[in-house]
Protein chains: 2
Amino acid sequence: MIRVGIVGYGNLGKGVESAVINSDDMELVGVFSRRNPGDVVVQSDVKVYSIDDAFIMKDQIDVMVMCGGSANDLVEQTPMFAKHFNVIDSFDTHARIPEHFANVDAASQVEKTVSIISVGWDPGLFSVQRLYGQAVLPNGKDYTFWGKGVSQGHSDAIRRIEGVLDARQYTIPVEAALASVRNNEDPALSTRQKHTRECFVVIEEGADAKKIEETIVQMPNYFADYDTTVHFISMEELQTNHAGIPHGGVVFRSGKTGMNLETHQLIEYKLELDSNPEFTASVLVAYARAAYRLHQNGDFGCKTVFDIAPGLLHEADGATLRKQLL
Amino acid sequence: MIRVGIVGYGNLGKGVESAVINSDDMELVGVFSRRNPGDVVVQSDVKVYSIDDAFIMKDQIDVMVMCGGSANDLVEQTPMFAKHFNVIDSFDTHARIPEHFANVDAASQVEKTVSIISVGWDPGLFSVQRLYGQAVLPNGKDYTFWGKGVSQGHSDAIRRIEGVLDARQYTIPVEAALASVRNNEDPALSTRQKHTRECFVVIEEGADAKKIEETIVQMPNYFADYDTTVHFISMEELQTNHAGIPHGGVVFRSGKTGMNLETHQLIEYKLELDSNPEFTASVLVAYARAAYRLHQNGDFGCKTVFDIAPGLLHEADGATLRKQLL
């Protein structure tokens, strides 16, 4: 049994808890939280510890799954834990990945641990698909579409507007753009042509709806470059109809083969996720298995999904995989 | 530059020729054929040699791409060449993969070469997708659909019927079955419910069309378990409208996550290939790059797509991939 610990217990931590419990070859040793352990209500009978107690338990844990946020938590926690544990994280601040990789790699040299960063679906499985697509069809174009799904970052941006009580923002791929790629038209698509944004917003009584709507649709980086729709709804409606955290998207590789690059080939990879954090957690847990196995084989240092052979992710051994899945 | 050789020059060999020539980090050293080299008309200025001359050229070739058929060629040729070369093949007789793997692995020990077998899209990229799907969503169901595309085996089976001059058979996924999977219905699908078969057949003047049609639709293993449509057409129409070798298909993983496995998650991987052999060849060439790199690192023995980290397939180095694709 692979002994797994969880650092941080938000939606992602909960997803890891259920994914580990539903894996046959894993055992959940503990949840480590910055909160008072007595205040953390878990879904299973797993024990909750203070995050400070993690290091004295290092001999009881094979892999630590880091479930904090990229901006404030992982950037410090992953290197700190990588010194003593095999770790997995879902660091998703694209621009800072090289720097995070270097920090975690240095930390992983201390006790020769394995760390795998930026695991999830984007970065993660989508990145892997982009890589396979480019490797197999070097002459071609990539397209990544996100949604339909809830963007936490955009929802948060709306919540920060004065007069807003709560909000949910959906990113939606433009059907005509998807159709054009599927139709082998190799379109050049602007930001506006790829995605629309739909916002469901609850405001304070007496707040200026018109002004809030303008603030949203004109917000630079977040909304100004998109066709954005704003719906004002009640708190009850938000809680009833927008409680889930669905997401997904599509990665295409549209390429050409043949002596004169005249033959069209299209690869499409699509995710439809009813729960973004539960799916991300499931990916983290599969890569925790790989980290454990690599460490067992004496490997160490920082890795990404690009460095992990698919066979390391699956519970079955090589001979079984060749027989049943090849 | 990675120096590549091609053994066998049919449609697949031609595809490898164009894929190598269109790769920036590869050089095509030669085509090796059982035919008289003077009789082999290649698409590029690559030199053609007798297959017997391959072994004296082993220091000039980094990877040999085996382009024969599974049934008669690869089963003998891949182990023979693996003794002296890094090799890639597309062995696709599913039931015999474990045996072929063992033979090639033994041969690869002789001079510590790297061999990667059963590379292509099924077996190959579809297998990889099935593996990722099961690893990430261990609680779920797999679905593989093939087509729309030309099945060479089924076309050949029709050609063997007396009175048939030529034939092209298309395998077509049933739209209702695809829709049911996409609709999260987790259907149990019979052979007949998954695919239909459409045949375009050219017959001799005076041949008994009705009898030929009955022979086709009742043919065990090939057609009896499917809804099969037969069209009799002229040789001109066959050559005009059915000259291509398109194929493709879809791999789904439909899974559940959460403490009580109540949250639905769907992964869909779809290929739409205007040329099956050119795409298969492109996959072979990407894995030739991986074989070369593994050999450079001192690795050896037989591998499959499950053993190859994605990053080994792409021309760019790790730091570039992390920066641009993660």
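Me: How many disulfides does the count come to over all chains?
Reply: This is a predicted model. A disulfide requires a pair of cysteine sulfur atoms within 2.5 Å. The sulfur of B:C67 has its closest cysteine sulfur in B:C302, 17 Å away, and is therefore too far for a bond. Over all chains, the count of disulfides comes to zero.

Me: Is B:C67 buried or exposed?
Reply: A residue counts as buried under 20% relative accessible area. B:C67 has a relative accessibility of 8%, so the class is buried.

Me: Which cysteine holds the sulfur closest to that of B:C302, and is B:C302 buried or exposed?
Reply: The closest cysteine sulfur to that of B:C302 is in B:C67; at 17 Å, the pair is too far for a bond. With 7% relative accessibility, B:C302 counts as buried. The cysteine asked for is B:C67.

Me: By what turn can chain B be laid on chain A, and what relation is that?
Reply: Chain B can be laid on chain A with an RMSD of 0.1 Å, and the shift along the axis is 0.0 Å. The turn is 180°. This is therefore the relation of a two-fold axis.

Me: What percentage of the contact residues of chain B recur in chain A?
Reply: The same surface serves both copies. Of the contact residues of chain B, the share that recurs in chain A is 98%.

Me: Where does A:D62 lie, and is A:D62 buried or exposed?
Reply: A:D62 lies in the loop between β3 (48-50) and β4 (63-66) of chain A. Residues touching A:D62, not counting those up to four places away in sequence, include A:M1, A:R3 and A:Y292. The relative accessible area of A:D62 is 15%, so A:D62 is buried.

Me: Is A:F91 buried or exposed?
Reply: A:F91 sits in the loop between β5 (86-88) and α3 (97-110) of chain A. Leaving aside neighbours within four places in sequence, A:F91 is in contact with several residues, among them A:L74, A:V75, A:H100 and A:P123. Its relative accessible area is 1%, so A:F91 is buried.

Me: What unit do β10(B), helix α8 of chain B and β11(B) make?
Reply: Strands β10 (residues 195-203) and β11 (residues 227-232) of chain B run parallel and are joined by six bridges. B:E198 stands opposite B:T229 in β11(B). With helix α8 (residues 209-217) of chain B, β10(B) and β11(B) make a right-handed β-α-β unit.

Definitions and conventions
Residues numbered from 1 in each chain as written. Chains lettered and ligands numbered in written order. Predicted model: local features only at pLDDT ≥ 70, side-chain atom pairs only at ≥ 80, totals over all residues. Heavy atoms only, no water. Least-squares fit on C-alpha atoms with pLDDT ≥ 70 in both. Contact = heavy atoms within 4.5 Å. Helix = DSSP H or I, 4+ residues; strand = E, 2+ residues; numbered from the N terminus. Buried < 20%, exposed > 50% of the residue type's maximum accessible area, 1.4 Å probe, protein only. Pairing = 2+ DSSP bridges. Right-handed = clockwise from strand over helix to strand, strands pointing away.
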